[in-house]
Amino acid sequence: MTFYYNDSWLGFLSENFVRDALKRSQDDCPGCRDTMNSALLHLHQQMSLLDKLRKYYEEIRGDLLTSITALYTKFEKKLPHSNDLEKDKMIYLNVARHFLLTSNAETLYYGRYITEGIDSYVAEAFSEQKKKKKARDLRI
């Protein structure tokens, strides 16, 4: 019997939400586009993280739902598995879909899906992604 450790998986999905919301808020910021110096002129500096999650939640959720298999592949090594990898993949993908379809900005923000322990797993996964991206860019 395999214990499906979903805490780190949900933490990884939550961190994807947060990073994407932060990036989108900077991309949409008139102060950033106009290369203003003062933080007072940057809308993304004035918005709280919860406000950013609320503003971009539906867009990000749609993007994550369409790329859920790729996200699983990036985090797969951090998850426990049984002898049946296809079954494991299906279970983790179903958990992710359910999480994405039933959560909202407030549940992400207040839900404590990212703890100090999970943060290290998630940070490691993002670090590995950056290394792979750099290696690909160097080959080009």
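Hi everyone, let's start with helix α4, which has a kink of about 60° centred on Tyr57. Please keep in mind that this is a predicted model.

Now, which residues of α4 are buried? They are Leu50, Lys52, Leu53, Tyr56, Tyr57, Ile60, Arg61 and Leu64. So Tyr57, where the kink is centred, is on the buried list too. And what do these buried residues pack against? Their partners are α1 (6-27), α3 (43-46), α5 (68-75), α6 (85-102) and α7 (105-110).

Let me point out another residue of α4, which runs over residues 49-66: Glu59. Glu59 counts as partly exposed because its relative accessibility is 44%, between the 20% and 50% cut-offs. From Glu59 to Lys131 there are 72 residues in sequence, and the C-alpha atoms are 27 Å apart in space.

Next, the cysteines. A disulfide is a covalent bond between the sulfur atoms of two cysteines. How many disulfides does the count come to? Why? For Cys29, the closest cysteine sulfur is in Cys32, 3.8 Å away, and that is too far for a bond, because the two sulfurs would have to be within 2.5 Å. Seen from Cys32, the closest cysteine sulfur is in Cys29, again at 3.8 Å.

Are these two buried or partly exposed? Cys29 is buried, at 0% relative accessible area, whereas Cys32 is partly exposed, at 29%.

Technical notes. Residues are numbered from 1 along each chain as its sequence is written. This is a predicted model: local features need pLDDT of at least 70, side-chain atom pairs count only at pLDDT 80 or more; totals for chains, interfaces and linings use all residues. Side-chain values use heavy atoms; hydrogens and water are left out. Buried means under 20% relative accessible area, exposed over 50%, partly exposed in between (1.4 Å probe, protein chains only). Helices (H or I, at least four residues) and strands (E, at least two) are DSSP runs, numbered from the N terminus. The bend at a residue is the angle between axes fitted to the seven residues ending there and the seven starting there. Contact means heavy atoms within 4.5 Å.
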